[in-house]
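Reader: Hi! I have a new model open and would like to go through it with you. Could we start with charged pairs?

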Amino acid sequence: MSTWLSAPGQGLLVRRTKPVSPSKLGVFSLCPLRYVLETENTGAGRTPGGLMALRGTAAHRVIEGLAGRPHTSPQELRQAFCGAVAQTIARRDTNSLIRLVFQQLGMNALFPAGQQASTCQFIRKVLERQAPGAAAGNRQRTALAGRVRPFAFGSERKLASAALDMAGSVDLVYKDSSGTVHVCDFKTGNVLEADGQPKHAYLLQISAYGLLAKDMLGLQEVALELAGPASRWQEILGGRLETMARQAIATLQARLPKLQPVQGESLAAPGSWCESCPVRPSCPVYMRALEDGSAAEGMLSPFDVAGTVTDIVSAGEFLRLRILTHSGKRVSLSGVPSSIYPGLAQGIKILGFSLGSYDVLARTAFPANFYIFRPDDPGASAFSSWLGVGQN
C-alpha cells in the first residue's frame, strides 16, 4: 500500500503504514512530518548520510560480526573496520560523493588514522561490554509468552509487539548473572548532555525498546543501557521512563493513525531542527520558505540555496557554478562532480542543501561561497550535500 496519496488541491497527503519505530520517537517529538518522511518508503527527496552515518553503520557491522570476541587484536579490528567501510560504500544506495572520494583517494581521506583508532577503541569497548552476556546469551533462549518460538539473546535483536503497535531492532539484548534482562543501544557519539543526563531522543528510544522487551518476553523488569565511546548510562525501566515512553507512543498513534491519510503540512513543526533535517527537500513548509527567499530566522539552514545558475566554469571533472538566489544574493558553488550531477547548464533552476562553506563573513551572514568536494581537505567535503535541478 502506498504511503503517498494525491488529491487535487489538498497538497501533500501522507499516511503511516508501519508499526511505531522506537529509534524515531525523538524525531517525532520534534516534527511528526519528518517522522513519516524518514520511516516510510516514500521515495522522498533527502540529503544523503555523511561520514558520521557511515562510521556508525560500519562500526555496528563490525560489532555484529565480532560478537563474543572481546580480545580481537588492534590490527584485526582496524582491518575489520576498514573492510566494513568498503562493504558499506559498495552498496548501491551509498552516498555518491563518499564513493567518489574513497575510490580516488582511499580510506584515509575519509577517516584519518586517529579517527580509525578511536572508532576501533569504541568497538573494543562494546565487544567487552557484550562479553558477559552476549557470548553465553547467544546460547541462552527463553520462551516467549504465548509463543512456541523461543527468543535468542545477542546482538541486533528484532523486537516487535502487536499490542504496542511497535517494532524495531536493538543493538544488544542479554541476561546478566542475576537473570536481569538488559536492553542496550550503542552510539558512536556522546550519549549524555552537558549536565550528565542522557539525551532525550536516546532516552525515548531505549525506553521504548525496554517496553518491547517486557511485552515480548513477559518480563516484570528490564534494565536499559546507553553506551558511547566516552560515556555510558544505565537504569531500570521504571514508572517515570515507562510513562514517558507510553505517552510518546500514544501521542504518535493519535497524530498518525495507522493507514489513515493525514495532510502533510499540518504535521510540519518548523524550528531550529529544520536546519539539519535530512528530509527538508520534501517538506512543503521548508521549501516554500527557501524558494521564496523568506527570512525564516532559526529555521532555514545557512548552507541551503535556491536560485538560478548564471555561469559554469569547468575544472576537469569538477564544476564551479555561480548562482543568483531567489533573495537576490550571488553565490558560488565549487567542486561539483560532473559525474554525480550531469546536465548542469546555465539558466537552470537549482536547489542546494547541506553545502559546505569556506567563506562565512559573520555568524549571521549568508555564506558567499560554497563547495561540495574540497580538494585541500577531502574529509571536510560536503558529504551530506544534495542538488536538485530543473528547467528555467
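Author: Happy to! A salt bridge here is a side-chain nitrogen of Lys or Arg within 4 Å of a carboxyl oxygen of Asp or Glu. Asp185 and Lys187 form one, with their closest N and O atoms 2.7 Å apart. Please keep in mind that this is a predicted model.

Reader: Thanks. Is Asp185 buried or exposed?

Author: Asp185 is buried, because its relative accessibility is 4%. Lys187 counts as buried too, at 14%.

Reader: And how many salt bridges does the structure hold?

Author: There are 13 salt bridges. Among them is the pair of Asp93 and Arg91, whose closest N and O atoms are 3.2 Å apart. Asp93 is exposed at 58% relative accessibility, while Arg91 is partly exposed at 36%.

Reader: What about Arg374, which residue does it bridge to?

Author: Arg374 pairs with Asp376, and the closest N and O atoms lie 3.1 Å apart. Arg374 is partly exposed, with a relative accessible area of 23%, and Asp376 is exposed at 58%. There is also a network: Arg16, Asp165 and Lys258 are joined by salt bridges that share partners.

Reader: Nice. Switching topic, what is the mean pLDDT of the chain?

Author: The mean is 86, and 86% of the residues reach 70 or more. Residues 132-139 have pLDDT below 50, and that stretch makes 11 contacts in the model beyond near neighbours in sequence. Residues 143-149 also stay under 50, with 7 contacts beyond four places in sequence.

Reader: Good to know. On to the sheets: what is the strand order in the open sheet of 5 strands?

Author: The order is 5-6-7-8-9, and the pairing is mixed. From one strand to the next, the twist averages 35°.

Reader: Which strands stand at the edges?

Author: Strand 5 (154-161) and strand 9 (232-236) do; each has a single partner strand, so one side of each has no neighbour in the sheet.

Reader: How do strand 5 and strand 6 pair?

Author: They run antiparallel, with 7 bridges between strand 5 and strand 6 (residues 166-175). If you want a spot to look at, Ala160 stands opposite Ala167 of strand 6.

Reader: Found it. Which strands does helix 8 lie across?

Author: Helix 8 (residues 200-217) lies across strand 5, strand 6, strand 7 (181-186), strand 8 (223-227) and strand 9. Its direction is at about 75° to strand 5. Helix 9 (residues 239-255) lies across strand 6, strand 8 and strand 9, at about 95° to strand 9.

Reader: What about the nonpolar core, which residues touch the most other members?

Author: In the largest nonpolar core, which has 60 residues, those are Leu25, Tyr35, Trp233 and Tyr286. Helix 8 gives the most to this core, with 10 residues.

Reader: Let's zoom in on Trp233. What is it in contact with, leaving aside neighbours within four places in sequence?

Author: Trp233 is in contact with Leu192, Pro198, Leu203, Ile206, Leu224, Glu225, Leu226 and Leu241. A second, separate core has 50 residues, including Leu172, Leu344, Phe373 and Phe383.

Reader: Okay, hairpins next. How do strand 11 and strand 12 pair?

Author: Strand 11 (residues 305-315) and strand 12 (residues 318-325) are antiparallel over 8 bridges. Ser314 has Leu319 in strand 12 as its bridge partner. This hairpin has 2 residues between the strands, and Gly316 takes a positive phi near 70°.

Reader: And how many residues are between the strands in the hairpin of strand 12 and strand 13?

Author: That hairpin has 4 residues between its strands, and Gly328 has a positive phi near 90°. Strand 12 and strand 13 (residues 330-337) pair antiparallel over 6 bridges, and Leu324 has Arg330 in strand 13 as its bridge partner.

Reader: Last one: which residue other than glycine has a positive phi near 70°?

Author: That would be Leu259. Leu259 sits in the loop between helix 9 and strand 10 (262-263), and is partly exposed with a relative accessible area of 43%. Ser354 is not a glycine either, yet has a positive phi of about 55°. You will find Ser354 in the loop between strand 14 (349-353) and strand 15 (356-359).

Conventions. Residues numbered from 1 in each chain as written. Predicted model: local features only at pLDDT ≥ 70, side-chain atom pairs only at ≥ 80, totals over all residues. Heavy atoms only, no water. Buried < 20%, exposed > 50% of the residue type's maximum accessible area, 1.4 Å probe, protein only. pLDDT = per-residue confidence, 0-100. Contact = heavy atoms within 4.5 Å. Pairing = 2+ DSSP bridges. Axes fitted to C-alpha atoms, helices over the stretch in contact; angles between N-to-C directions. Core = buried A, V, L, I, M, F, W, Y, C linked by side-chain atoms within 4.5 Å.
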